Amino acid sequence: MPKYNLKINNKSYTVEAEPQTPLLWVIRDEVGLTGTKYGCGIAQCGACTVHLNGSAVRSCSLPVSAIANQEIITIEGLSNDNSHPVQKAWLEVQTPQCGYCQSGQIMSAAALLNSNPNPNDEQIDQAMSGNICRCGTYHRIRKAIHVASNEITNGSK
């Protein structure tokens, strides 16, 4: 079986996996980071979102063979102590209901704010449109992104 060198959350890993094995399963099963969730398996729901070189990607449909030696950040690597502005805003706004989709939501929101620290509602809706929340907390997700944006741009909530 081929070996792949992966950099996940600023740590190096060597894993053995079939070339078409989705990154999601390597992250969860081989590396042991279970914060990234399986939702649909076809890159439609966003529960499996991670950052690849700073961009939000769906790890359930990305083969491990396509990402060797690139920078991968999972929800566990977003911050060591939940101090990322998006994580803090999620708690302040009480965004989650069931919570299952939230790691993917947070990763998509963080990628948005990395590229656009002060998005308007339309930009938020567009960036988050690939993330499904079965509980329907979309208004709280948008509000939390605005709270995080305010902290990023103004240094306060």
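N9 is buried, at 15% relative accessibility. Keep in mind that this is a predicted model. N9 sits in the loop between β1, residues 3-8, and β2, residues 11-16. What does its side chain do there? The side chain of N9 makes a polar contact of 2.8 Å with the side chain of T74. If we set aside neighbours within four places in sequence, the residues in contact with N9 are L33, I72, I73, T74, E76 and G77. So T74 turns up in that list as well, because contact here means heavy atoms within 4.5 Å.

Next, the surface. Which residues make the nonpolar patch? W25, Y38 and Y100 do, and the patch covers about 290 Å². Take Y38 from that group: Y38 is in the loop between α1, residues 23-31, and β3, residues 49-52. Y38 is partly exposed, with a relative accessibility of 35%.

Last, the cysteines. How many disulfides are there? The count is zero. C98 is in no disulfide either; its nearest cysteine sulfur is that of C135, 3.7 Å away. As for accessibility, C98 is exposed, with a relative accessible area of 58%, while C40 is partly exposed, at 27%.

Key. Residues numbered from 1 in each chain as written. Predicted model: local features only at pLDDT ≥ 70, side-chain atom pairs only at ≥ 80, totals over all residues. Heavy atoms only, no water. Patch = residues over 30% accessible without salt bridge, like charges linked within 9 Å, V, L, I, M, F, W, Y side chains within 5 Å. Areas by Shrake-Rupley, 256 points an atom, 1.4 Å probe, with all protein chains shown as cover. Salt bridge = Lys/Arg side-chain N within 4 Å of Asp/Glu carboxyl O. Helix = DSSP H or I, 4+ residues; strand = E, 2+ residues; numbered from the N terminus. Buried < 20%, exposed > 50% of the residue type's maximum accessible area, 1.4 Å probe, protein only. Disulfide = S-S within 2.5 Å. Polar contact = N/O pair within 3.5 Å; in protein donor to acceptor, adjacent residues only side chain to side chain.
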